[in-house]
Amino acid sequence: MTDFPRDAILVVVEAQASGELEKAAPGLFGAAAAVGTPVALVLAAPGAGSAAEAAVLGAAHVLIAETPDPSALGVPSVDALAAAVEQVQPDAILISHSLNGRDLAGRYAARSRAAISADAIGVSRDDEGVVAHHSVYGGAYNVTSTSTFGAPVITVRQGSVDARATAQPQASETLAVTPSGKPAARIDSFEEAVAATSRPELRGAAKVVAGGRGLGSEEQFALVGQLADTLGAAVGASRAAVDAGYIPQSHQVGQTGVSVSSQLYIALGISGAIQHRAGMQTAKTIVAINKDSDAPIFEIADYGVVGDLFKVVPQLISALEARKK
């Protein structure tokens, strides 16, 4: 039986159908390395596990859990996590704050009576164990949380951790998982929908250009996409823009949408309601363009432009395009 490090941090990552690990993986291993020794649990369809990639990202040891029935939802992953925790005895469990990650964290915590620290933007260690750091109330406060017993389950916001772990020699094994037999939902059939786009995915994007109600219409919201394409950025939106029908809900940034921690966040015509700020406050550099000088978004912006965005943004695009030549 493998002897795992006493300061092991269990990092749970999913392998995509291509065999590559989910995009949140580098940040998760970086966070784990800052407080202990990363040990990876790779959840994968048969043959899709990537132990080599996990080692490159910093995993000192890799456990591969192949899902025997990919159509079963939730339960097989919880079974695998429970088996990994029993074997590794980690100081903490790190999972991406994605749809699947939140589902797994909640299910495992309910089964094991573990404590959850949700939507962390960083982790640290004190004399008593691992502590999660959070940005709450629209970024108005930074708080910490942890568990008083057992290993905390921490979901980490993608893009919030810049640190990266050092590559390790590959050491992996297949995790033996005993199915719990608990009831699970199943996927009987599905139809694949392919959407071709050159823009990065909003969650985890390094650069985001977001638009608000100030764009005025769906047609004029296209200006957001033009600036995003110039910068190679993802497109986001405030809830007001989504509710007005300018763009689908999948682009909504905020408390009831996607949380981003991008390197650059440009807000066009967004007032900066606290619900929106909750989803983008932790961006490294925030640029706001709004004709209302009293808009709350300027309270958190690193750079602000008070002016008509329909005049400012075209000039910005022209300047950026000129620099590319």
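Modeller: A residue is called buried when its relative accessible area is under 20%, with a 1.4 Å probe and protein chains only. Please bear in mind that the model is predicted.

Colleague: Which residues of α3 are buried?

Modeller: Helix α3 covers residues 75-88, 14 residues in total. With the cut-off of under 20% relative accessible area, the buried residues of α3 are Val75, Val78, Asp79, Ala80, Leu81, Ala83, Ala84, Val85 and Val88.

Colleague: What covers the buried residues of α3?

Modeller: Covering is judged by contact, that is, heavy atoms within 4.5 Å. On that basis the cover includes one helix, α4 (99-112), and the strands β1 (8-14), β2 (37-44), β3 (61-66) and β4 (92-96).

Colleague: How far does α3 reach from its first C-alpha to its last?

Modeller: At 1.5 Å a residue, a span of 20 Å is expected for α3. The helix is close to that expectation, and its reach from first C-alpha to last is 20 Å.

Colleague: Which residue just after α3 takes a positive phi?

Modeller: The phi in question is about 55°. The residue that takes it, just after α3, is Gln89.

Colleague: How many of the residues of α1 are buried?

Modeller: Helix α1 spans residues 25-33 and is mostly covered. Its buried residues are Ala25, Gly27, Leu28, Phe29, Gly30, Ala31 and Ala32. What covers them includes α2 (51-56), β1, β2, β4, β6 (122-126) and β9 (153-156). The count of buried residues in α1 is 7 of 9.

Colleague: Why does the largest pocket lie between domain 1 and domain 2?

Modeller: The chain is divided into domain 1 (8-186) and domain 2 (207-324). The centres of these domains, taken over C-alpha atoms, are separated by 32 Å, and 11 residues of domain 1 are in contact with 10 residues of domain 2. The pocket lies between the domains because its lining takes residues from both domain 1 and domain 2.

Colleague: Which element supplies the largest share of the lining of the largest pocket?

Modeller: The largest pocket holds about 1500 Å³ of space. Of its 43 lining residues, the closest to the centre are Glu14, Gln16, Ser98, Leu99 and Asn100. At least two lining residues come from each of β1, β2, α3, β4, α4 and β12 (234-237). The largest share, 7 residues, is that of α4.

Colleague: How many residues of that lining are nonpolar, polar and charged?

Modeller: Here Gly counts as polar. The lining of the largest pocket then divides into 21 nonpolar, 13 polar and 9 charged residues.

Technical notes
Residues are numbered from 1 along each chain as its sequence is written. This is a predicted model: local features need pLDDT of at least 70, side-chain atom pairs count only at pLDDT 80 or more; totals for chains, interfaces and linings use all residues. Side-chain values use heavy atoms; hydrogens and water are left out. Helices (H or I, at least four residues) and strands (E, at least two) are DSSP runs, numbered from the N terminus. The expected span of a helix is 1.5 Å times one less than its number of residues. Buried means under 20% relative accessible area, exposed over 50%, partly exposed in between (1.4 Å probe, protein chains only). On a 1 Å grid over the protein atoms alone, a cavity is a set of points where a 1.4 Å probe fits but cannot get out, and a pocket is an open set with protein on both sides within 12 Å along at least five of seven lines; lining residues have an atom within 4 Å of a point. Grid points are joined across faces, edges and corners, and a volume is the space filled by probe spheres set on the points. Domain bounds come from an automatic or database domain assignment.
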